[in-house]
Amino acid sequence: MFSRVETVIRPGFQELLTSERFKSDARGPVSCIIADSVLGFAIDVAAARGIPSISFRTISACCTWIYFCSPKLVENGDIPFKDEDMDRLVRSVPEMESFLRCRDLPSFYRAKEVNHPNLEFVKAANSYSIKATAHILNTFEGIDALILPHLRSYCPNLYTVGPLNALLNTLRSTTTRSSYSSPVSSNASLYAEDRSCMAWLDKQPDKSAVYVSFGSIATVTRDQWLEIWYGLVNSSHRFLWVRRPDSLLSKDDEVSGIQAELIEATKERGYTVDWAPQEEVLNHPAIGGFFTHSGWNSILESMVAGVPMVCWPHLADQQINSRYVSEVWKIGMDMKDNCNRVTVEKLIREMMGDKREELMKSMAKVTEMARKSATRDGSSYRNYEALVEFIRKSC
């Protein structure tokens with residue numbers, strides 16, 4: 001995919017700009033390009049045409065900082081690493097020396113050769129990114145105060161405007177109050193939402209249900225699927241499970257023989273849908289915890305809603321996100337590189353019971369910072385206004 005982006009999408013995009021197909025009498029030529037950092041070639045194309053560009057890193061700040069430390073990681077021999085070194089501490093990333101293990105590095109770093117296409121992609125994305133006129137991060141100053149100064153040494157015009165879901169709610173609000181308000185319903189999903197789950201949640205006691213979702217990309221094997229299912233059932237807690245139809249790496253005949261006890265137990269205290277209105281679900285009174293793939297949007301939405309997490313990361317920034325959730329912010333547990341029913345049951349029971357008070361104490365502080373940052377007197381809202389003004393003046 002990465003090579004096709006360069007060989008197919010880049011020339012196509014350049015041709016669009018050259019042909020001025022975007023131009024119209026109403027809006028004139030393209031005056032600014034905001035590019036997802038995965039499509040960093042757009043920044044290069046913008047620079048060649050003298051068009052201001054803004055790089056939007058949709059991943060976490062901690063992952064972004066690790067990516068910028070890639071040369072040092074190679075120089076110090078931290079990458080590539082062997083399978084038996086997964087728990088070795090990595091000392092090459094400032095602010096993370098005491099807790100970052102090889103297994104916590106973004107998934108791209110699990111490549112076994114230093115010139116692997118995944119690592120070359122990270123290198124290229126960084127080189128494109130620093131050419132941008134400005135940078136956007138979907139985070140807030142409170143949780144990334146130690147990381148952001150390092151990033152700003154590479155990206156001076158850096159605007160933290162997150163959590164974007166909370167900022168959107170503020171922008172849609174007709175009031176000028178500075179307190180947090182409930183989410184405004186919106187649907188930017190690529191999948192059809194099954195809202196029957198909201199009626200099911202309405203019938204459950206407060207903080208009694210675990211929300212389970214692994215996002216829009218992650219896939220699981222049949223064995224992993226069964227281990228998670230057994231863990232959920234054995235935990236004795238209610239659960240709402242989003243099982244995206246294309247998420248299971250299995251043939252239909254392999255799924256048909258599911259054990260009867262699982263199906264029966266799920267009828268008693270579980271509910272499954274193909275897709276759910278996640279932000280609304282997390283803010284529902286019945287939800288007490290989130291079993292997540294630790295994608296950055298999901299973590300931010302969980303922070304805003306004040307819901308603790310069990311993290312089972314899959315790819316990209318999810319490995320370091322889950323480590324920050326457990327070791328830095330202390331708002332959940334990390335189930336990295338592990339998927340068995342005993343562990344799933346244990347961590348869910350801890351999230352919903354034994355460790356809940358401790359997790360909620362930390363989460364309360366994070367939630368307060370997240371919500372405040374997106375209010376009209378908060379740092380992210382002010383940064384958003386500054387970003388808009390920057391675009392007006394520069395583009």
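Both Trp225 and Trp229 are buried, where buried means under 20% relative accessible area, exposed over 50% and partly exposed in between, with a 1.4 Å probe and protein chains only. The model you are looking at is predicted, so local features need pLDDT of at least 70 and side-chain atom pairs count only at pLDDT 80 or more, while totals for chains, interfaces and linings use all residues. Residues are numbered from 1 along each chain as its sequence is written, and side-chain values use heavy atoms, leaving out hydrogens and water.

Let us stay with the two tryptophans. Trp225 and Trp229 both belong to helix H9 (residues 222-234), four residues apart, which is about one turn of the helix. Helices (H or I, at least four residues) and strands (E, at least two) are DSSP runs, numbered from the N terminus.

A pair of aromatic rings is described by the distance of the centres and the angle of the planes. Rings of Phe, Tyr and Trp (its six-membered ring) pair if their centres lie within 6.5 Å; planes under 30 degrees apart count as stacked, over 60 as edge-to-face and the rest as tilted. By this rule there are 18 aromatic pairs, and here are two of them.

| Pair | Centre to centre | Angle between planes | Type |
|---|---|---|---|
| Phe108 and Phe121 | 5.8 Å | 75° | edge-to-face |
| Trp225 and Trp229 | 5.4 Å | 50° | tilted |

What does the pair of Phe108 and Phe121 tie together? Phe108 lies in the loop between helix H4 (70-75) and helix H5 (117-129), and Phe121 in helix H5, so the pair ties together parts that are 13 residues apart in sequence. Phe108 is buried, with a relative accessible area of 16%, and Phe121 also counts as buried at 16%. Elsewhere, ring pairs join Phe99, Trp296, Tyr324 and Trp329 into a cluster.

Rings also meet charges here. The charged end of Arg243 sits over the ring of Trp241, 4.6 Å from its centre; for this, NZ of Lys or CZ of Arg must be within 6 Å of the ring centre and within 35 degrees of the ring normal. Arg341 lies over the face of Tyr230, 3.9 Å from the ring centre.

Finally, the lining of the second largest cavity draws at least two residues each from helix H3 (61-68) and strand E3 (134-137). The largest share, three residues, comes from E3.
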